[in-house]
Amino acid sequence: MKLELRHLEAVCRIAEAGSLSRAARRLGVSQPALSAQLRRIERVAGGELFLRGRHGVEPTPLGEFVLRKARLVLGEMDVLAAGARAIVPHPSLRLGCILLVLVDRLLGELEQAMARHEITVTVEHSATALTRQLGAGRYDAVLYGEVNDYEVPLPRGTTARTLIPKEPFCVRLSAAHPLADRKRIALAELADESWMMLVEDDDGGPEALVAACAKAGFTPLMRHRVTDRKMQWGLIAAGRAISLSQPTAPVTEGTVLRPLLGDPVTGRIRIAWNRAAVSTRQADLLYRAAARAYLANVDDNAFHREWWDARPELHPALEDSE
């Protein structure tokens, strides 16, 4: 077997994730499949690349050497793809997004703001995969979220702009839940609940929830991982799980959204773009279209409208920058 780019990508993703299970989710493969692939890579490399322990994996000296070389090769491929795109620009704006609430309205806003562009929007489940694809030239721009202090690493040749610097995550629970009538819920009151997370959460969300729950005196039980929104909402309505949610999310039948006391988990929304593919003017149009899409959802929940109106410093700038 010869090492290919996908093998180098797998090695880097394992190192970034710190565990085979998280890396497998980010790569979209099963953990046994990734473990088997790593064993084949290690046979070619001539030894173990990672030491496996209770808290995940750490690179061996050989692993550190392979990682340095892999990052150089992948970085050069990113430069090649971006350079080729700059020479022969694609006629469309290719936007990648994670599953944020504003995405539902974004395409309509973009079609109005950038009527002369052919626009494609693709939803990914991994923020890390999204930014990697931005560097590789698959996307011209990406829209993603970050939770608490976590920062998604960005490839070279890109620029990022914060759309929403802060929003407080709330909790979605069954309308029949004993706490459903509360105006605000303390995190400690949810200690015995089963939490639902996305299949791929590499935006800092799980870590932020665990840290917030630890401060509240418990460890959250993360039992379910589901990507389909309707399935998520159905399980929550049935009382089988609860989940964190953006405060702009819609209320759905059988569920309620409630703010958490003290805003223990907050998020921000950012846009990044390839400078070789997106002009300053195009980036500004994208920013303002995304801002309008976000603002259209602020009134979905009265508690967020109140929170939002009290913090004008967080509001996106909608003036034309020309």
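Predicted model: local features only at pLDDT ≥ 70, side-chain atom pairs only at ≥ 80, totals over all residues.

Start with helix 5, residues 103-113. Asp104 and Gln112 are exposed there.

Which residues of helix 5 are buried? Val103, Leu106, Glu109 and Leu110. Note that Glu109 is in that list. Looking down the axis of helix 5, the buried residues fall within an arc of 100 degrees, so they line one face of the helix. An α-helix has 3.6 residues a turn, so residues three or four places apart point the same way.

Next, a helix pair. Helix 1 covers residues 5-17, and helix 6 covers residues 127-136. Their axes come within 12 Å and cross at roughly 135 degrees. That angle makes helix 1 oblique to helix 6. The crossing is right-handed. Helix 1 brings Glu9, Arg13 and Glu16 to the contact. Helix 6 brings Thr128, Ala129 and Arg132. By class, this contact has 4 charged residues, 1 polar and 1 nonpolar.

Last stop, a loop. Thr60 lies between strand 2 (56-59) and helix 4 (61-87). Is Thr60 buried or exposed? Thr60 has a relative accessible area of 8%, so it counts as buried. Leaving out residues up to four places away in sequence, Thr60 touches Glu48, Leu49, Phe50 and Leu51.

Conventions
Residues numbered from 1 in each chain as written. Heavy atoms only, no water. Axes fitted to C-alpha atoms, helices over the stretch in contact; angles between N-to-C directions. Helix = DSSP H or I, 4+ residues; strand = E, 2+ residues; numbered from the N terminus. Parallel < 35°, antiparallel > 145°, perpendicular 65-115°, else oblique. Left-handed = near helix turned anticlockwise from the far one by under 90°. Contact = heavy atoms within 4.5 Å. Nonpolar A, V, L, I, M, F, W, Y, C, P; charged D, E, K, R; others polar. Buried < 20%, exposed > 50% of the residue type's maximum accessible area, 1.4 Å probe, protein only. Arc of directions from axis to C-beta.
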